[in-house]
Amino acid sequence: MKNIFTFFFLSVINLLFLSTSLIYAQERPGLSMEINTITGSKGEALNYESIQGSPFLYKDFASAKALCCNEIAPMRYDSYSDEVQYKKDNVVYILLKENPYNRIEFLDSKTILVLESVDNESKYFIEVVSGKNLLLKKISTKIVANSDPKKTGFGKKDETATFVENEPSFYLKSANGKIKLIKSKKDVLDLYPEKNKELNDFLTVTKIKFNKEESLAKVVNFLNN
């Protein structure tokens, strides 16, 4: 009898805990964090104020929303940790990388971030061209340590660090859902084998540069017409 009572008591506690967790997850779809400190997917704890430059798409929080939902909140995208942060009740959260929070629109700039799975990893991309076929731009940032004795007096080294933008990379997402990093004509043709001839003619005539956003936008607009 005692064992039955203990089992019943623990079951009730577990149900209450699960219900509370689900309610909390619905109200706060993310992990809380300290402002200017990141504890993100890279497994690091950094004080951003001690690093020169910025890893954010926009310096300040800007009005944005997940396109699944109506709620508008201050958000910003961190291109170093590849995370979207948002504020609610003066607390900063990291938005969960999962559905339905897979499309984020920054309202003032109309920039749309989309969450896609590439090489079995969820990553944020800027949607450059929308439609049946998409042009996606991947931006990222690295931290470069400065160690130059010429920058300080008395032979001391400047050991500050700086956020430095990497060169962006571009991906095409076809109408059938395939995503490919684009570096050459072959990458485009491999993604659209059924349109090889007409697409090859277009790429040749228009002299597409495969590392230029404007050029690749022409390709996607051609595919969407």
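These legends describe close-up views of a predicted model. Local features need pLDDT of at least 70, side-chain atom pairs count only at pLDDT 80 or more, and totals for chains, interfaces and linings use all residues. Residues are numbered from 1 along each chain as its sequence is written, and side-chain values use heavy atoms, with hydrogens and water left out.

**View 1. Helix H3 and its buried face.** H3 spans residues 196–205. Helices (H or I, at least four residues) and strands (E, at least two) are DSSP runs, numbered from the N terminus. Leu199, Phe202 and Leu203 of H3 are buried. The buried residues of H3 fall within an arc of 95 degrees seen down the axis, so they line one face of the helix. The arc is taken from the directions from the helix axis to the C-beta atoms. Lys197 and Val205, on the other side of H3, are exposed. Buried means under 20% relative accessible area, exposed over 50%, and partly exposed in between (1.4 Å probe, protein chains only). An α-helix has 3.6 residues a turn, so residues three or four places apart point the same way. After H3 comes Lys207, with a positive phi near 50 degrees.

**View 2. Packing around Leu199.** The buried residues of H3 pack against helix H2 (185–191) and helix H4 (213–224). Leaving aside neighbours within four places in sequence, Leu199 is in contact with Val188, Leu189, Tyr192, Val219, Phe222 and Leu223. Contact means heavy atoms within 4.5 Å.

**View 3. The largest nonpolar core.** This core has 19 residues. A nonpolar core is a set of buried Ala, Val, Leu, Ile, Met, Phe, Trp, Tyr and Cys residues joined through side-chain atoms within 4.5 Å. Leu135, Leu172, Val188, Leu199, Leu203 and Val219 have the most contacts inside it. Strand E15 (169–173), H2, H3 and H4 each supply at least two residues. H4 gives the largest share, five residues. Another core, of 17 residues, lies apart from this one; Ala66, Met75, Leu95 and Ile126 are among its members.

**View 4. A three-stranded open sheet.** The strand order is E4-E14-E13, and the pairing is mixed. Strand E4 (51–52) and strand E13 (141–145) are the edges, each pairing on one side only. Two strands pair if DSSP finds at least two bridges between them. E13 and strand E14 (residues 161–165) run antiparallel over five bridges. Ala161 in E14 is the bridge partner of Ala145.

**View 5. The Lys97–Asp82 salt bridge.** The two side chains meet at 3.0 Å, N to O. A salt bridge is a side-chain nitrogen of Lys or Arg within 4 Å of a carboxyl oxygen of Asp or Glu. Lys97 sits in the loop between strand E8 (91–95) and strand E9 (103–106). Asp82 sits in the loop between strand E6 (73–78) and strand E7 (83–88). Lys97 is partly exposed, at 30% relative accessibility. Asp82 is buried, at 10%. Asp82, Lys97 and Lys138 are linked in a network of salt bridges.

**View 6. Two further salt bridges.** The whole structure holds eight salt bridges. Lys173 pairs with Glu116, the closest N and O atoms being 3.0 Å apart. Lys173 lies in strand E15 and Glu116 in strand E10 (residues 111–118), so the pair ties together parts 57 residues apart in sequence. Both Lys173 and Glu116 are buried. Asp190 pairs with Lys186, with closest N and O atoms 2.7 Å apart. Asp190 and Lys186 are four residues apart in helix H2, about one helical turn. Asp190 is partly exposed at 41% relative accessibility, and Lys186 is exposed at 54%.
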